[in-house]
Amino acid sequence: MKPDEEGWSVDGPRACHGNGTIIEFAGDPASNDFQMTPAKLPEGIDALGIARLLRQGADAYRRHFAGQQDYESPAGQQTEPKDARTVKVTVKRKRAISRPGQG
């Protein structure tokens, strides 16, 4: 687990920064079903600094898995590459019901 140029090291579903910040990841980093849970944020850092730190951690995690087609998610289920997913959306309209005297 070697730190990158921004001080992040990634091991499985976890990224650790040199200042002690830890981010746990869940889901596929190439999809919208991607979640991160930060812990041990440093004290005295403003909101913009926290946002920058979290973005850098998420970027480090994505770079770590960029070359892999499939990988085991933290929950244990096998995820597919982004290209292999197809989502079909069907929208059905409800019939309007009119009652006598209401138009």
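This is a predicted model: local features need pLDDT of at least 70, side-chain atom pairs count only at pLDDT 80 or more; totals for chains, interfaces and linings use all residues.
Biologist: How many salt bridges does a search of the whole structure find?

Modeller: The search finds 1 salt bridge. Arginine 14 and glutamate 24 form a salt bridge through their side chains.

Biologist: What makes arginine 14 and glutamate 24 a salt bridge?

Modeller: Their N to O distance is 2.4 Å. The cut-off is within 4 Å. The pair therefore counts as a salt bridge. Arginine 14 sits in strand β2 and glutamate 24 in strand β3, so the pair ties together parts 10 residues apart in sequence.

Biologist: Why is arginine 14 called partly exposed?

Modeller: Its relative accessible area is 37%. Buried needs under 20% and exposed over 50%, so a value in between is partly exposed. Glutamate 24, with 29%, is partly exposed too.

Biologist: How many aromatic pairs are there?

Modeller: The count comes to 3 aromatic pairs.

Biologist: Why is the pair of phenylalanine 25 and phenylalanine 34 called stacked?

Modeller: The ring centres are 5.6 Å apart and the planes stand at 5°. Pairing needs centres within 6.5 Å, and stacking needs planes under 30 degrees apart. Both values pass, so the pair is stacked. Both phenylalanine 25 and phenylalanine 34 are buried.

Biologist: What makes phenylalanine 25 and tyrosine 61 a stacked pair?

Modeller: Their centres lie 4.0 Å apart, with 10° between the planes. Those values meet the limits of 6.5 Å and 30 degrees, so this pair is stacked. Phenylalanine 25 is in strand β3 and tyrosine 61 in helix α1, 36 residues apart. Tyrosine 61 is buried, as is phenylalanine 25.

Biologist: Which residues do ring pairs link into a cluster?

Modeller: Phe25, Phe34 and Tyr61.

Conventions: Residues are numbered from 1 along each chain as its sequence is written. Side-chain values use heavy atoms; hydrogens and water are left out. Helices (H or I, at least four residues) and strands (E, at least two) are DSSP runs, numbered from the N terminus. Buried means under 20% relative accessible area, exposed over 50%, partly exposed in between (1.4 Å probe, protein chains only). Rings of Phe, Tyr and Trp (its six-membered ring) pair if their centres lie within 6.5 Å; planes under 30 degrees apart count as stacked, over 60 as edge-to-face and the rest as tilted.
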